[in-house]
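Please open the model in your viewer and keep the selection tool at hand. The stops below say what to select next and what is found there.

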Amino acid sequence: MDHVDEIALTGLRVFGHHGVFDHERRDGQEFIVDARLYVDTAAAAASDDVADTVHYGEVAERIAAIVAGEPVNLLETLAQRIADAVLTFAGVRMVAVTVHKPQAPIPLTFSDVSVTIRRGTLFTPAPEEPA
């Protein structure tokens, strides 16, 4: 990969039932997801064809299905599931996923709780020289 470009999807709001407390799983709450996909967009820029890039609408739909799907206890687990799914899209070499839980059950005033993970590799190692 010669280029390291970024496609960012920020502020995706999805209702889910994640958390360690029974009331979180029962009542649910809104989660917000940010995803940064690291790709090479040179082919898409040259062709001006969506088939040559990562379709961010499809990425958003996949993320939303995960957040709205099977409950997990931890934001870390949810972020990992999202990262694993995004890395299956052709051309995605690395992803940074932030999952926000702005209504986390904390009895203090706060703006947000979030977890960010990064998965994948940006660069493919150069092939070894034959002996």
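## A buried pair and its surroundings

Begin by selecting lysine 101, which at 7% relative accessibility counts as buried (buried means under 20% relative accessible area, exposed over 50% and partly exposed in between, with a 1.4 Å probe and protein chains only). Before going further, note that this is a predicted model, in which local features need pLDDT of at least 70 and side-chain atom pairs count only at pLDDT 80 or more, whereas totals for chains, interfaces and linings use all residues. Residues are numbered from 1 along each chain as its sequence is written, and side-chain values use heavy atoms, with hydrogens and water left out.

## Between strands S1 and S2

The structure holds four salt bridges in total, and the next one to select joins the side chains of glutamate 6 and arginine 36, at 2.4 Å from N to O. Glutamate 6 lies in strand S1 (residues 5-16) and arginine 36 in strand S2 (residues 29-39), so this pair ties together parts that are 30 residues apart in sequence. Glutamate 6 is partly exposed at 41% relative accessibility, and arginine 36 is partly exposed with a relative accessible area of 34%.

Glutamate 30 counts as partly exposed at 28% relative accessibility, whereas arginine 13 is exposed at 53%.

## Two stops in loops

Select Val20, Phe21 and Leu74 together, and show their surface: these residues make a nonpolar surface patch of about 280 Å² (patches are made of residues with over 30% relative accessible area and no salt bridge, like charges being joined within 9 Å and nonpolar side chains, namely Val, Leu, Ile, Met, Phe, Trp and Tyr, within 5 Å). Valine 20 is placed in the loop between S1 and H1, and at 52% relative accessibility valine 20 counts as exposed.

Move on to aspartate 48, in the loop between helix H2 (42-47) and helix H3 (56-68). Its phi is near 60°, a positive value in a residue other than glycine, and aspartate 48 counts as exposed at 73% relative accessibility.

## The whole chain

Finally, clear the selection and colour the chain by secondary structure. Which order do the elements of the chain follow from the N terminus on? They run β-α-β-α-α-α-β-β, with four helices and four strands in the chain (helices, H or I of at least four residues, and strands, E of at least two, are DSSP runs numbered from the N terminus). The C-alpha trace spans about 60 × 40 × 25 Å along its principal axes, and of the 131 residues of the chain, 35% count as buried.

Terms used:
Areas by Shrake-Rupley, 256 points an atom, 1.4 Å probe, with all protein chains shown as cover.
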